[in-house]
Amino acid sequence: MDAQVENKYTKNDYRGLPSTLCQGCGHNSISSQIISACFELGIQPEKVVKFSGIGCSSKSPTYFLNRSFGFNGLHGRMASLALGTLFADTSLKGIGVSGDGDTASIGMGGFKHLVRRNMPMVYIVENNGVYGLTKGQFSATAEKGLMLKKQGTNPYLPVDIAMEALVSNATFVARSFAGDPRQVKELIKAALSHNGIAVIDIISPCVTFNNQEGTLHSYTWGKDREAPLHEISFIPPRDEIMVEDFEEGSVREVIMHDGSLVLLKKLENDYDPTDRWQALRILEDAQRNNWLITGLLYINPEIPSLIDMYDLPEQPLNRMTQAQLRPQKSVLDEINALME
Amino acid sequence: MNPQQKDIVNDFCITFATVNGSGSQTANNTILRALFKMGIPISGKNKFPSNIQGLPTWYSIRVSKDGYLGRLEQDDVLVCMNPASFENDLAFVNPGGVVLYPDDLKQPITRTDITAYPMPVKELSRAADISPALRDYIANMVYVGVLAWLLHIDMDEIAHALNHHFRGKQKAVESNFSVAQAAYQWAGENLTKTDPYRVERMAPLDDYLMTDGNTAGALGSIFGGVQFVAWYPITPASTLPEALIEFLPQYRKDPLTGKNTYAVVQAEDELAAIGMIIGAGFGGLRSLTATSGPGLSLMTEYAGLAYFAEVPTVIWDVQRVGPSTGLPTRTAQSDMTMAHNLGHGDTRHVMLIPGSVTECFEFGWKAFDIAEHLQAPVFVMSDLDLGMNQWMTLKFEYPDTALDRGKVLWEDDLEKRNGSWGRYADVDGDDIPYRTVPGNLHINAAYMARGTGHDTQAHYSEDPQVWETNLNRLVSKYYKARDLVPQPILERTSGVSQGVISYGSSDPAVIEARDLLRQRGFNLDKLRVRALPFTAEVEDFLREHEVIYVVENNQDGQMAQLLSQEFPALAGKLVKVAHNDGLPLSATWIVKTILKEGE
């Protein structure tokens with residue numbers, strides 16, 4: 001069944017303000033896929049809260065989901081802001097958009113602790129290896145030896161965001177490439193169904209400052225080097241699955257917490273995304289061999305999320321009344337008596 | 001006893017010198033509570049090192065029939081259990097004072113003007129029927145018993161206090177009490193009292209209770225409906241969130257579902273702690289963190305965001321001595337100017353300044369009402385002395401006003417307005433805009449909060465006029481807090497031309513100093529500041545007096561600076577009476593300093 005048949009929304013209901021990022025920026029393409037993913041899932045726009053830090057990527061939440069609340073906060077501090085907000089109403093879905101500077105440099109601590117707590121939200125890193133708004137400095141994900149106009153040669157080894165997420169016990173880790181919109185969209189859909197932290201590291205070329213042919217965060221390199229682990233399709237819980245569409249044995253299924261399915265169609269090798277050890281190894285291999293491995297690297301839908309640990313009522317905390325929030329006078333009398 | 005010597009009753013200072021981590025807290029609290037239950041006004045101050053075990057620590061109990069709670073600089077009765085600090089401690093005993101010491105102490109008692117009583121600590125604690133592992137802890141009960149005999153502390157009250165301390169755990173109560181009892185008996189049979197110090201039962205202190213400011217702040221927050229707490233451990237603030245963790249499960253289950261109406265998250269640092277509470281505040285929750293100077297420094301950038309994006313939240317600063325790591329276990333009032341302007345750019349914050357443990361409770365719930373009404377962060381400025389020491393304090397009063405959630409629009413409200421509203425539009429002319437919170441499903445509810453320049457619709461804007469209009473409104477809104485914050489407490493005598501300003505934990509010493517000065521013919525009107533922005537009464541006080549002494553526990557005279565900044569034309573009248581050495585101010589220091597200035 002086509003997901004869009006039941007959808008009472010049009011794609012326009014998910015649009016944002018016009019982008020002020022550069023023409024051809026990978027981030028714009030990711031914004032489009034966020035719009036498409038939410039539209040195809042028929043998510044009520046008001047049920048989403050957007051978060052970002054500071055940087056080009058962090059501007060982008062303005063350019064999608066205009067009917068969703070959002071907070072464009074401080075540089076590197078998106079994680080804590082999102083965590084606090086999402087406690088207010090646990091039926092809301094959080095989508096965070098951060099950059100490589102925002103996450104892998106100034107915000108590394110917050111990022112890793114959000115991951116370790118398994119905060120249920122989508123955490124997208126629009127990773128271009130460069131600081132755009134401050135005009136082209138190296139970021140922590142820039143590869144060693146990268147040459148930039150005013151900066152010279154990068155002397156440091158890069159941070160691998162997907163690996164950082166994995167070693168911090170993330171329950172959903174994916175990598176994608178802005179030049180592969182279908183994969184980006186399917187991963188976002190799967191991430192939105194995940195009851196836990198869902199980290200998607202998306203290589204998103206900066207056409208202005210870091211798009212030299214053959215470098216790690218460029219369109220050409222991504223196009224040449226992208227090695228998808230599988231072809232990913234997301235099936236919402238309400239849709240019937242046409243198993244006959246797939247050749248037997250060629251598809252791996254992951255059942256999500258909400259009953260939806262992630263179908264991973266085998267490409268060259270069968271990759272098991274529930275094996276954390278294999279995920280770490282493939283990232284290591286990718287680093288050594290200069291591959292851009294994309295797809296769902298790791299998933300574990302069984303781990304309780306941070307919110308699950310708090311025994312909160314279904315009624316959102318931010319709709320509670322005085323009768324629920326202020327104890328009776330007799331309670332204070334009791335306390336006074338205890339301390340007298 | 002010397003026949004000419006008059007008894008000194010209910011008016012002296014006892015100091016216990018012990019080793020950190022040796023379990024003396026139980027013994028000290030027992031004596032404190034026993035005295036309190038005898039109706040004698042007391043205050044207890046713990047002077048402890050930044051250390052887990054081994055360094056010297058002191059606990060002072062002031063008994064004061066007149067109800068003075070400030071610190072005394074000298075001791076009258078010294079209980080010295082720590083050979084390492086003995087010599088120094090001895091020097092702080094007033095002439096005619098008393099020292100109690102374990103009889104196996106090697107050091108000579110070099111003072112001949114004091115009375116010394118040895119105590120057979122080892123012998124009595126060995127005789128007790130308890131496991132050797134607990135023997136060192138229970139050894140402190142020896143001085144409880146000897147002191148009770150010496151000062152006439154009622155042993156029944158000692159038993160009650162132990163019962164209170166161990167929450168009725170009979171075995172612990174009995175093993176401790178038996179040692180105290182044996183020591184009491186030993187003292188009666190072996191000592192001859194030759195000193196003048198003793199206590200006498202007074203009228204019961206029925207209107208009072210005994211606790212610390214951090215516990216009171218936590219309880220006040222619970223009655224203020226706190227819903228989200230994020231914190232990072234730091235002395236001397238940690239016991240506030242720890243009290244929340246203890247009490248929230250008891251008092252804040254949802255009456256309908258039995259589920260939690262709150263969440264507490266221990267953050268990875270103070271940057272995250274404040275980020276979380278600002279996120280929660282934006283989400284429409286009553287949120288709180290508690291920290292101290294170093295943590296507050298880290299919170300600077302986020303505090304500016306909360307001011308500018310107009311997010312309500314409550315930040316407790318339990319102040320300690322800085323700069324830098326400073327003296328982590330000592331008290332100060334030295335974050336006043338920093339907190340007031342915390343953030344880069346033009347920023348100013350509303351601050352509440354509790355001057356008693358009871359006010360820690362009261363301001364605990366009020367802070368949320370003010371924060372949500374104003375849509376701004378509110379800082380509660382406590383300190384180590386108030387926050388961590390035990391105080392006798394007036395019983396807590398139930399909040400007399402309903403929760404003030406401020407101008408929050410829900411679906412129905414937006415429907416009535418046909419969805420027309422602007423997040424930062426001052427439609428009521430009171431500088432306070434309306435807000436919506438995530439979860440509001442109205443099609444026009446959402447907006448994008450941001451730390452960047454924004455117009456009335458919360459859209460990004462770099463327009464110079466939009467920027468300045470907005471920033472001016474924020475200042476104007478700050479002054480609106482004058483009608484919301486606790487008013488200062490004024491004590492006037494007619495015809496007095498000089499005044500004193502106090503605030504926070506320095507107030508007890510100022511109350512006493514004012515009485516001492518009056519006895520010397522020097523009358524001062526007094527104003528206790530309880531909040532910023534300063535209200536009209538503060539300005540009037542400055543106008544109506546020729547000289548105003550501003551007493552505070554810091555080096556720079558930070559309250560005097562804040563007053564000078566607000567009232568530059570009156571600043572010449574202000575006399576800074578400020579110092580900090582890590583200890584609470586004493587009345588004698590204030591008197592000395594003011595008299596010198598007054599010459």
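Author: Asn10(B) sits in the loop that links strand S1 (8-9) and strand S2 (11-19) of chain B. Here helices (H or I, at least four residues) and strands (E, at least two) are DSSP runs, numbered from the N terminus. Residues are numbered from 1 along each chain as its sequence is written, while chains are lettered from A and ligands numbered from 1 in the order in which they are written. Please keep in mind that this is a predicted model, in which local features need pLDDT of at least 70, side-chain atom pairs count only at pLDDT 80 or more, and totals for chains, interfaces and linings use all residues.

Although Asn10(B) is not a glycine, its phi is positive, at about 55°. Asn10(B) counts as buried because it has 22 C-beta neighbours inside 10 Å. (A residue is buried if 20 or more other C-beta atoms lie within 10 Å of its own, exposed if 12 or fewer, and partly exposed in between, with C-beta atoms placed from the backbone.)

Chain B also has cis peptide bonds. One runs from Gly322(B) to Pro323(B), with omega near 10°, and Pro323(B) belongs to the loop between strand S13 (313-321) and strand S14 (327-331) of chain B. Another goes from Leu532(B) to Pro533(B), with omega near 5°; Pro533(B) is found in the loop between strand S22 (531-532) and helix H19 (536-544) of chain B.

Stepping back, chain B is split into domain 1 (8-202), domain 2 (211-394), domain 3 (411-483) and domain 4 (489-598), with bounds from an automatic or database domain assignment. The centres of domain 3 and domain 4 of chain B, taken over C-alpha atoms, are 40 Å apart.

Now for the meeting with the other chain. Chain B brings 56 residues to the contact and chain A brings 46 residues, where contact requires C-beta atoms, placed from the backbone, within 7 Å. On the side of chain B that touches chain A, H10(B) gives the largest share, nine residues. Strand S2 (residues 69-72) of chain A and S18(B) run parallel, joined by three bridges; strands pair if DSSP finds at least two bridges between them. Within S18(B), Arg450(B) is the bridge partner of Asn72(A).

As for confidence, chain B has a mean pLDDT of 96, and 99% of its residues reach 70 or more; pLDDT is the predictor's confidence in each residue, from 0 to 100.

Definitions and conventions
Two residues are in contact if their C-beta atoms, placed from the backbone, lie within 7 Å.
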